[in-house]
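Biologist: Please take a close look at one part for me, the place where the chains meet. Then tell me what else stands out.

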There are 2 protein chains.
Amino acid sequence: MSGMSPKITVELLRKLRQVMKGSKYVAEPIQAYIIPSGDAHQSEYIAPCDCRREFICGFNGSAGTAIVTEQHAAMWTDGRYFLQASQQMDNNWTLMKMGLKETLSQEDWLISVLPENSKVGVDPWIIAADQWKTLAKALSSAGHSLVAVQQNLIDAIWEDRPARPSTQLSALGLKYTGLRWQDKVMQLRAKMAERKISWFVVTALDEVAWLFNLRGSDIEYNPVFFAYAIIGMNSIRLFLDEKRTADPVVRDHLVLTEPSKAELHVECLPYQRVHDELQAVCSTLGPKDKVWICDKASCALTQAIPKMHRAPIPYTPLCLAKAVKNPTEIQGMRMAHVSSHMHTPPHIPKGTVTEISAADRAEELRSQQKDFVGLSFPTISSVGPNGAIIHYRPLPETNRTLSLTELYLIDSGAQYRDGTTDVTRTMHFGTPTDYEKECFTYVLKGHIAVSAAVFPNGTKGHLLDSFARAALWDSGLDYLHGTGHGVGCFLNVHEGPCGISYKTFADEPLEAGMILSDEPGYYEDGSFGIRLENVVLVVPTKPKYNYRNRGSLTFEPITLVPIQLKMIRSELLTQKERDWLNDYHRKCQEIIGAELERQGRKEALDWLIRETQPIM
Amino acid sequence: MSGMSPKITVELLRKLRQVMKGSKYVAEPIQAYIIPSGDAHQSEYIAPCDCRREFICGFNGSAGTAIVTEQHAAMWTDGRYFLQASQQMDNNWTLMKMGLKETLSQEDWLISVLPENSKVGVDPWIIAADQWKTLAKALSSAGHSLVAVQQNLIDAIWEDRPARPSTQLSALGLKYTGLRWQDKVMQLRAKMAERKISWFVVTALDEVAWLFNLRGSDIEYNPVFFAYAIIGMNSIRLFLDEKRTADPVVRDHLVLTEPSKAELHVECLPYQRVHDELQAVCSTLGPKDKVWICDKASCALTQAIPKMHRAPIPYTPLCLAKAVKNPTEIQGMRMAHVSSHMHTPPHIPKGTVTEISAADRAEELRSQQKDFVGLSFPTISSVGPNGAIIHYRPLPETNRTLSLTELYLIDSGAQYRDGTTDVTRTMHFGTPTDYEKECFTYVLKGHIAVSAAVFPNGTKGHLLDSFARAALWDSGLDYLHGTGHGVGCFLNVHEGPCGISYKTFADEPLEAGMILSDEPGYYEDGSFGIRLENVVLVVPTKPKYNYRNRGSLTFEPITLVPIQLKMIRSELLTQKERDWLNDYHRKCQEIIGAELERQGRKEALDWLIRETQPIM
């Protein structure tokens with residue numbers, strides 16, 4: 001990964017513009033080339049071989065799209081990354097700040113800079129079908145055209161591009177999954193039958209992993225592996241690197257070794273064959289046959305299905321099934337969180353603890369726990385002004401020392417075989433200023449407002465987002481990121497189809513068993529960052545009344561880590577908020593305390609008891 | 001208007017099914033016919049000649065779509081109307097409750113009941129272009145097709161259908177509008193130039209009325225008139241009933257009588273000519289010319305624009321310009337609200353005051369005020385269980401007497417030449433139950449939460465909706481309607497493009513000068529209804545901090561009517577809520593009190609002073 005000094009891109013841009021004009025890769029010269037941040041599975045976290053947007057512009061955040069024209073180079077990202085992107089890109093690049101009113105959309109920007117009748121190229125495997133459609137329409141209405149460039153032009157100029165990984169796979173038993181893959185396939189087919197769907201193309205890596213109860217490590221932090229699947233009513237085709245099919249663990253788990261019921265027989269095919277095989281499947285379809293594919297799947301794969309057979313969906317039945325955790329998964333997530341919280345914050349610093357050493361220590365302590373697999377995302381360990389870089393990760397050249405005078409923010413999480421964790425705490429080791437405490441307290445009020453919210457069954461998560469902001473808004477403050485995301489169970493730390501955000505998207509109604517994060521924050525550029533994040537479980541609740549028998553839901557925190565008392569201006573809390581905090585701390589003390597005691601971690605237990613005293 | 005006993009529809013349905021099969025109006029038999037509730041301008045309130053959905057099924061609420069197939073008849077409406085619709089329709093009809101999880105969408109229902117390869121007919125003038133598109137796509141993906149039936153099939157069987165009205169128009173001077181129509185046209189053209197748009201088709205009646213500073217009374221409660229306009233950079237075409245063009249008031253106002261600058265010359269053409277004229281305009285377009293039309297405009301008019309020239313927009317620049325009131329309009333709205341509030345609630349009833357007489361009295365008192373034009377919507381005056389019918393209007397057969405034992409809800413408003421009003425109050429003339437007071441207090445908490453909310457510039461209204469519900473949700477209660485709608489200035493009482501609702505639509509960010517309603521409620525079927533509605537103005541505010549210099553907004557109530565103190569359980573309010581209420585009541589006393597004094601209404605003044613005492 002590159003650092004915080006800008007990447008020099010003059011030469012790369014020259015080369016890219018050359019291949020955009022040349023005839024080697026494009027039939028006709030293209031006047032613009034789009035480099036989205038994803039891979040062919042529209043993953044958020046990607047393997048090094050897929051870090052094309054970072055390669056061309058230097059910005060290595062998880063979200064961003066670069067566009068290069070003959071004259072310009074621009075990169076769009078959201079509020080989490082404004083600061084980081086501006087530091088990582090050289091002045092050949094213009095940072096396009098998404099979410100600000102004055103920022104042009106990609107299509108409007110293209111229309112404003114392109115000469116008449118321009119061709120805009122993009123790799124059809126990297127762009128999602130719905131984005132292709134919107135973009136193609138906007139461009140064509142302005143007299144331009146969007147062109148699928150089969151050979152990726154970044155790959156064409158990327159001399160030492162890494163190979164696509166193919167790591168060892170592991171199979172998860174019933175103890176972890178609660179459901180055999182065969183049963184998941186049958187449940188999926190029941191949903192297909194209900195909607196009269198003949199085939200379903202699985203393109204998201206976490207959906208393939210969840211469906212087959214398999215895990216890999218092809219992508220750092222995400223226990224997934226490069227694969228596609230095509231599921232029919234009597235057929236299962238799994239596309240993955242051939243050498244994986246030879247692995248006895250995989251062969252046993254998928255029952256490749258012995259004859260099984262034809263409808264549950266898994267046919268393993270090479271990863272690269274998916275496009276041709278999907279075309280072959282489609283050539284056998286009757287006139288009424290429909291194929292489900294996520295509208296966020298790649299344009300290339302989507303267009304392999306003839307339009308009359310295509311049934312695009314905003315999220316797949318697997319995505320929804322995966323989001324609603326079963327009792328085994330919920331229990332696993334609880335256990336993983338207990339494991340994940342077996343550590344105290346760094347000792348009161350004597351000038352020897354840095355962002356990096358504190359992050360390393362947290363990782364080391366986590367790795368000592370049962371079923372630890374790895375981190376679930378790069379630890380954000382940030383002191384003072386670094387805390388204002390929302391998705392900061394410490395690097396040697398930016399590494400600050402923890403001190404008695406600056407706020408410390410740590411956002412970290414891990415993968416365990418039974419679950420995935422994600423927690424953020426902000427703390428001060430000396431005496432925080434009144435202003436820091438005031439901001440922290442507003443963030444806490446927002447956190448509690450979401451966590452303690454009672455809402456009717458069927459409510460969509462985005463309706464809860466303003467609860468997290470109300471206290472900040474009242475004082476003229478805000479934060480430029482969503483409030484919560486779905487969390488996978490030993491899967492991706494960010495998953496759909498639910499979330500809590502002011503950005504309204506096709507989010508499904510919340511239901512009991514879903515697991516999300518609750519993480520409001522406040523960031524002051526150049527000074528500090530504050531974020532308070534728990535993972536929370538959607539649970540039924542019974543308030544006083546029950547309007548139209550709809551039933552009500554609320555959240556139960558699964559994360560059990562003290563919220564630093566010295567940061568709280570108690571007089572700004574309502575009694576209800578103080579009660580919530582005291583209840584929460586009591587639960588931390590009970591559950592984490594018992595485990596610390598079992599593990600004989602006396603010092604940590606003393607700290608825990610100190611940090612969970614009730615406030616008045 | 002029909003009453004609350006169901007309309008007998010056997011014979012009408014038989015006739016409709018006959019014309020659906022016959023060859024007189026349709027080239028081939030259709031298996032389903034859709035009857036939306038709107039007119040050719042997608043108006044919410046419609047003229048009697050356009051009440052086709054009511055004619056066929058009996059339900060006379062403002063929103064609903066009927067669909068008739070060979071075997072079935074179903075009608076979709078939202079939570080405001082579930083009770084009313086079930087009472088007004090006979091058992092040939094199935095009520096489809098929108099917003100409930102188990103309710104099929106129109107397309108899914110059609111797909112579930114239709115035989116293969118069915119044709120579904122609809123009048124292309126009544127269905128909006130965006131709805132046509134969605135529906136056509138869904139139907140065709142299931143093997144059916146959507147067919148434009150040029151002759152409306154309801155009109156074909158409607159023997160005594162009323163004529164389209166053509167009322168006297170009046171011109172509004174600068175004193176009321178703050179801006180000449182010529183200046184509005186020039187501002188519109190500047191926006192067209194900015195987006196490289198050559199023509200703009202004005203289809204919404206309130207947009208035509210606002211643009212030309214003209215008002216009519218073709219539709220009850222809405223001071224609009226049937227017209228279209230096509231605006232080019234050098235041309236203004238106004239389509240309206242020819243006899244209106246002869247009216248000297250109109251001729252003077254539009255400067256038809258003397259030669260004017262060519263670019264501001266208004267060419268008046270017959271109403272019916274709009275389609276052919278639009279086609280004629282389009283036939284002269286260059287390859288890059290674009291025509292703006294709202295995506296909610298009729299399918300017929302939208303398709304008159306060749307696709308390559310069509311630039312559909314979710315709301316028009318006029319819609320947005322109209323929503324942000326200028327200082328003259330704001331002042332007018334304030335004055336209209338003072339006029340509208342010159343009355344007290346009915347005297348403590350002696351059994352002689354009914355829903356109808358109370359509504360009539362409120363109307364009479366309003367009509368005595370300066371600049372009164374008429375009501376802005378049918379008064380909802382409802383006692384006890386009638387209050388639970390959200391858009392109830394009293395009829396002789398449902399008329400209840402106000403009493404000392406039941407809650408009374410009145411939602412009323414009027415049109416004045418300087419503004420439009422809309423206010424709801426719920427009150428009790430005896431001793432309310434604790435439960436009624438509890439529910440009222442939750443509704444009040446929600447009302448205050450929205451009214452007192454501070455939020456950043458650029459916030460969309462739908463993000464505020466949950467604030468209105470939080471207190472109800474906490475106790476397991478809710479209401480099945482949005483929280484607020486835009487309010488026109490001597491125009492429609494419901495207008496876009498902003499609102500406060502859990503339904504997310506293409507709402508524009510709130511900005512200072514917009515005027516909306518804030519009206520949470522609670523309804524208990526068979527018992528009572530509670531709603532508290534103020535009209536509120538979006539105003540800038542300066543909280544303690546100013547994050548990223550974005551600035552903050554809040555609301556200022558323009559409605560100044562006491563909120564009944566005896567309904568409030570003060571102990572359920574926070575100090576901040578009590579302060580808001582006391583401040584609000586102080587303002588009511590000051591402003592309305594001064595006017596009551598000026599008008600010598602001693603009794604009303606005494607009542608006002610009593611009802612606006614501070615609470616502790």
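Modeller: A salt bridge here is a side-chain nitrogen of Lys or Arg within 4 Å of a carboxyl oxygen of Asp or Glu. By that rule, the count over all chains is 70 salt bridges. This is a predicted model: local features need pLDDT of at least 70 and side-chain atom pairs pLDDT 80 or more, while totals for chains, interfaces and linings use all residues. Residues are numbered from 1 along each chain as written, chains are lettered from A and ligands numbered from 1 in written order, and side-chain values use heavy atoms, without hydrogens or water.

Now the interface. Chain B gives 43 residues to the contact, and chain A gives 43 residues (heavy atoms within 4.5 Å). About 3,700 Å² is buried between the two chains (accessible area lost on being put together, 1.4 Å probe, summed over both). Carbon and sulfur atoms give 52% of that area. On the chain B side, B:Trp473, B:Tyr545 and B:Tyr547 lose the most area to chain A. Together these three account for 19% of what that side buries.

The rule finds 10 salt bridges between chain B and chain A. One of them is B:Lys544 with A:Glu438, where the closest N and O atoms are 2.7 Å apart.

The largest share comes from α18(B), with 5 residues. By type, the chain B side holds 19 nonpolar, 9 polar and 15 charged residues (charged: Asp, Glu, Lys, Arg; nonpolar: Ala, Val, Leu, Ile, Met, Phe, Trp, Tyr, Cys, Pro; polar: the others, with Gly).

Now look within the chains. A:Glu159 forms a salt bridge with A:Lys15, the closest N and O atoms being 3.3 Å apart. That pair links distant parts of chain A, 144 residues apart. A:Glu159 sits in the loop between α6 (153–157) and β7 (170–171), and A:Lys15 sits in helix α1 (residues 10–21).

Next, the backbone. In chain A, a cis peptide bond joins A:Gly496 and A:Pro497, with omega about -5°. A:Pro497 lies in strand β23 (residues 495–500) of that chain. In chain B, B:Gly496 and B:Pro497 are joined by a cis peptide bond, omega about -5°. B:Pro497 is found in strand β23 (residues 495–500) of chain B. A:Lys196 is not a glycine, yet has a positive phi of about 55°. Find A:Lys196 in the loop between α8 (181–194) and β8 (199–202) of chain A.

Terms used
Helix = DSSP H or I, 4+ residues; strand = E, 2+ residues; numbered from the N terminus.
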